[in-house]
Each structure stands twice: as C-alpha cells, then as structure tokens.
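Please keep the sequence and the structure in view while reading.

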Amino acid sequence: MPPSWNILDFEKPIAELDDQISEIKRITAERGEDRSEDVATLEADRDRLIEEIFANLTPWDKTLLARHPKRPYTLDYVRAIFDDYTELHGDKQFADDKAMIGGIATLDGRQVMFVGQQKGRDLKDRQYRNFGSSRPEGYRKAQRLMKLAEKFKRPVIVFVDTPAADVSVGAEERGISEAIARSMMEMSSLETPVVVVVIGEGGSGGAIGIAVGDKILMQEHAIYSVLPPEGCAAIIWRDATKGKEAADALKLTAQSALELGVIDEIVPEPLGGAHRNMEAAARNVKAAIVKALDEVEKLSIPKLVDKRYKKFRAMGAYAEKKSE
Amino acid sequence: MTPAPWFGRKAKSARKTARLSADALPDGLWTKCPTCGEILFNKELEKNLRVCNKCGFHYKLSAAQRLAITVDDGTFAEINANLSSSDPLKFPDYDKQLKKYQEKTGLIDGIITGTGEIDGIPAMVGVLDFNFWGGSMGGVVGEKVVRAMEAAIDAKLPVVMITASGGIRVNEGLPGLMQMAKTAAACGKLHKAGIPYIVVLTDPSMAGVLGSYGSLGDFTISEPGLLMGLTADRVAKQAQVIHVPDNFRRAEFALEHGQVDRIVPRRELKSTIVKLLQFCVREEKEDAA
C-alpha cells in the first residue's frame, strides 16, 4: 500500500477504489471465495473514473503529475528499455554529477549512447541526485559522452527530467551558463542522430541544455517550460504562490508543446499516468524511440545535421513587416 | 534586408534618455550615484560615459548610447529593423507590456543589430537594450541574433554582441526558451566558419542570454561590477540559496573563476574591442605573403 504522501489530491478517489479492490482481493483470497466478477466491476468503475479525471486535468495538475514522487525516472526507463547498459561516469575535468547519468547500452541489439537527468526516490537518494538539478560537470559529462557517440557513429538517446539546472554558488563558480550554452552548441552540430524524450519535468535552461535533437518526444503527462510555474509567478507577479495561474499561462503541457511546434510527438502514457503502469509506460517510450531512430537514421549525416539546425532555427515567434 | 537609416532613431532615443535620467532629481541637473551617494552633475556624467567619477559605478546604457560609444560615427547601418514580437502564448497582458516598452524606449523590440565600423574595422554588431523589457530574449531577439550571425558568415564580418539582459522573455514560454538553442546553434556555425566572435557583457547579463550566445564568444569581456549568472536572485531566493559570497554573480567573481577574459572599464571598452579585432581579422597582405 503506498503511503498517502505520494498520492495527489485528484488521485485520492482513485486510490480509495484501489484500496477497496485490493482489500476485497485479499479477503476473498483468505476465505477461498471467488468474487472476481465484483472485482472486475469495481476495476471497470475505477478505470472509468480515471478516464474522467484525466480528461479534465489542468496544466497545474499535469505539473504535479510530472513531479509525481512515484513517476518513473531515467534509470527506470534505462533498465526497462535497453537489453543491457553500462553507466559511464564523470566529466574527466572536475567531478561526476549524480544528477546527470549516461553510458552505453544496447537497444534491440543496436549500440547506443544514453544521457539523462536522474532524480532520487527517497529523501537520501534525492539529496544524492541533487533533486535532479544538474551541475556544470553534468552538462560537460553529457557533452563528453555525446562526442564519444559521434566519434564511434552511435546514436544518442537523451532523457530529460529536471526541475532546473543547479543554481548553487559552486555551479556558478564552475560556469553553469557556459556549460549549458556549449552543450547546446555541440549538440546542434553533433554528427550522429540524437533522439530526446522529455519524461518528467523539462525545466528551463536545465532541460534545453541537453535537448537539442533530431526528434523531440514528450510523454503525455510530462511538462516542458521556460521556468517552473512557481518561478514564473515569482518573476511576473512577484508571488511564487501563483503557480497554478502561471502553469495555465505558460502552456507547459505536452499538448501545448506539440501545438507550438517545439516537440515532434507525444508518447502516450498508460491510464492514470506512467507511475500506475511502469512496464506499459516503458514499452511506449521504447517504441517511440525506436520509431524515431529508424526515421532519422535514414538521413545522411550532413542532411541530418542541416535539418537539426533548421529545426531549431525555425523556432520562436516574430512578425516581419515587409518594408520598403 | 536593406539597411534602414538609424540616425533618426538615435536622436529620438538620446532625447528620451536625457529625460529619463532627469527624472532622478527634480531639476534634471544632478544624479545621485546609487553606490557611493556622490551627487553627479549630469553633464559631467555624460562626458564620463555615464560612469561615476568617484567610485567608478557604471550606469546602464541604452542600445543607442552603447552603439554611439562603440561604433564609428556615421558608419552604422541597421538590419532587420522590421521584426516585431508576436506573443506566441497569448500571455496575459503581453501586448500591453510590449506597447509600454515600445513607448518607453522608442524601440520595436529589445535588440539593435547591424553593420558598422569599429575604428575602421567593419563588423556585425548586436546590442541589447535593458530598458526594453529587461533586455529579454524572445522570438525577435533570437531571430535577429541568428540573422546577424548568418549575415556575418556570408559577408565574412567579425561579430560583436553586447549583452544586457535578464534572460529569456518568460512571457514567450517554450518558444522563448528555444531561442537559447537557436542562438547557440548559430554560434556553432560562426565558429565552424572561422568568424571572430566577441561578447561584451554589460550589466546585467543573466540566465538565457548568458546561458546561450553570451557564453560562446572567442573572447568574453565585461564591464566592472556587472551582475551575471544563470539565475536571477528572486528565483534563487525561491530555490533557497542562502549563503553567498559578497561578489557572487558579479563580473569580478566570474573573472576569478575563469569565465571572462578581461574586465574592462567603459572608457577602454572600444580600444579593447579594436585590439581583439586586430588580432583575429587578417589583412589580405598577411595571407598573400
């Protein structure tokens, strides 16, 4: 039974039904009775309820879902998607960033490099992972691994899941801005395919710092935003508690990101969100990655790199008056 | 891309600025230095390039003022002056804000780009104006930076980007954020083409601008005392960063930690840019030999 702190408010009715179902299952199993029909009815009721609730999620609800304490993180997907993987550490300059992981892996027999932001599950683990906020050495590690992939002509799979880049004194001392800037620059001309999946929080510069790819995928309930809604509220309205309003205004859902032309595809999540069925979530992510790779690997490297440049070149809104 | 005449705008902006600084004290003759409290005679202040003659505090400059002290008189030709912002998110009050800053500064958006000569050396120059919505980078700024860089590659001109920005224009959301990737990618093109690229950081140079084209120059010089870093204090406070060194996120902090090539006082800025340009711009006779 999950402790109540990792159930969101709008999930509570679902959790109550979940509890009832497992209670009935437990009791009937003890007594040796068969009440599978009742259970099936209850489960159908529950699924209808989930559908109803999830059809009406606000951007703020989605923000909470993207940050759900039970949501699968990068390593969960790495373990589920790849046949095997070998993690590689460090930027070979200063340190190993625990919030940015990476390594080599096989994906259906295909050799790939993976890079991704990693959050922690419990309190200790969260601190160890710096809450998923990468330090400069994380972005430098990512660059190093991507350059290796380029050298050996292997594609790169990127998992994005960060509230934001690290803003500590140490991060500024070691040039977090430069690390992010250079990472984007290197990725923009990397001579190997890059597929990016936003799996949780695509937070600001911390996210785009490793998200310059040929295909940008995003899970159905992930968010991708210029700033965390609370930070946006702090800047625009000077009131960090207005996160809900900011989430609406920021258009940070996968559906909005697709409309805005920033991502290429939404990866569907199992009913009730990725955390309710990890295996199904990973299956969908894997299928989307393989499909994207098949597509981009068809292009010659010069065409691929040119297309990637033009893809990001075209982003952003402006009006041009044809003058004179 | 016919160069638009920029000279008319200069006069207008200059008048505006004079009026703005006059607001500080009622008679419009004096300004009080915000750091040392010295009362500065406005005429003296202008003569001193808006630097306090007592403590060396550097006042912010408008893009027009910046161009005037960087580019040789009468050589600047603006490009892409006809780009304007178009509110990709339909963000609350976007149009109202935009109009406010347009009226305040006389600019259409936060950056002026164009070609000009710097001590006789032709260059592509881009200047952000902090007075325009905090120098924020949205679709227009991103596009103009990239177009300037691409035009510089075509014309084989060195690029000088002068930054003054709070970061990405948050009100443009995700498409705004993408300007970081877009401008960083253009910097990659610059470097591949062997084009010299000088970044001049001025107060403040933050977040999405510092975290993209502001950190990717061949040379990075900054004015003294300026604020630079990935996060604004208001955001950092929210993230509960508590213990900070005195000069945290200042140019001096960045110099100490190896992130800028030099801190250069305003009076020496142009001559320093010229020295750097002379180093990287090869004359034909050099290559002929």
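How many helices and strands does chain A have? Chain A has 14 helices and nine strands; helices (H or I, at least four residues) and strands (E, at least two) are DSSP runs, numbered from the N terminus. The radius of gyration of chain A is 21 Å, close to the 20 Å given by the globule rule for 324 residues, so chain A is as compact as a globular protein of that length. That radius is taken over C-alpha atoms, and the globule rule is 2.2 Å times the number of residues to the power 0.38.

This is a predicted model, in which local features need pLDDT of at least 70 and side-chain atom pairs count only at pLDDT 80 or more, while totals for chains, interfaces and linings use all residues. Residues are numbered from 1 along each chain as its sequence is written, and chains are lettered from A and ligands numbered from 1 in the order in which they are written.

**Chain A and its domains**

The C-alpha trace of chain A spans about 75 × 50 × 45 Å along its principal axes. The domain assignment, which is automatic or comes from a database, gives domain 1 (7-56) and domain 2 (63-313) of chain A. The centres of these two domains, taken over C-alpha atoms, are separated by 34 Å. Six residues of domain 1 of chain A are in contact with four residues of domain 2 of chain A, where contact means that C-beta atoms, placed from the backbone, lie within 7 Å. On the domain 1 side, helix 2 (residues 36-55) of chain A provides the largest share, four residues. By class, that side has four nonpolar, no polar and two charged residues. Here Ala, Val, Leu, Ile, Met, Phe, Trp, Tyr, Cys and Pro count as nonpolar, Asp, Glu, Lys and Arg as charged, and the others, Gly among them, as polar.

Strand 1 (residues 84-87) of chain A runs antiparallel to strand 2 (residues 100-107) of chain A, and four bridges join them; strands pair if DSSP finds at least two bridges between them. In strand 2 of chain A, A:Thr106 is the bridge partner of A:Asp84. Strand 2 of chain A also pairs with strand 3 (residues 110-117) of chain A, in the antiparallel sense and over eight bridges. A:Ala105 has A:Val112 of strand 3 of chain A as its bridge partner. The hairpin of strands 2 and 3 of chain A has two residues between the strands, and A:Asp108 takes a positive phi near 50° there.

**The two chains compared**

The table lists corresponding values for each chain. A residue is buried if 20 or more other C-beta atoms lie within 10 Å of its own, exposed if 12 or fewer, and partly exposed in between.

| Chain | Residues buried | Contacts at least 6 apart that join residues at least 24 apart |
|---|---|---|
| A | 49% of 324 residues | 71% of contacts |
| B | 50% of 289 residues | 70% of contacts |

**Core and interface**

In soluble globular proteins, nonpolar side chains tend to be buried together. The largest nonpolar core has 155 residues, and those with the most contacts inside it are A:Val158, A:Val197 and B:Val159. Such a core is a set of buried Ala, Val, Leu, Ile, Met, Phe, Trp, Tyr and Cys residues joined through C-beta atoms within 7 Å. Helix 6 (residues 173-192) of chain B gives the most to this core, with 10 residues. Apart from neighbours within four places in sequence, A:Val197 is in contact with residues including A:Val158, A:Leu217 and A:Ile289.

Between the chains, 54 residues of chain B are in contact with 50 residues of chain A. Helix 6 of chain B also gives the most to the side of chain B that touches chain A, with 14 residues. The residues of that side divide into 29 nonpolar, 20 polar and five charged. Strand 9 (residues 319-320) of chain A pairs with strand 4 of chain B in the antiparallel sense over two bridges. A:Ala319 stands opposite B:Ser84 in that strand of chain B.

**Backbone features of chain B**

Chain B has 11 helices and 11 strands. Most residues other than glycine have a negative phi, and most peptide bonds are trans. A cis peptide bond, with omega about -15°, joins B:Asp203 and B:Pro204, and B:Pro204 lies in strand 8 (residues 197-206) of chain B. B:Asp87 has a positive phi of about 40° and lies in the loop between strand 4 and helix 4 (94-105) of chain B. B:Asp87 is partly exposed, with 16 other C-beta atoms within 10 Å. B:Arg249 has a positive phi of about 65° and counts as buried, with 23 C-beta neighbours inside 10 Å.

How values were computed: Contact = placed C-beta atoms within 7 Å.
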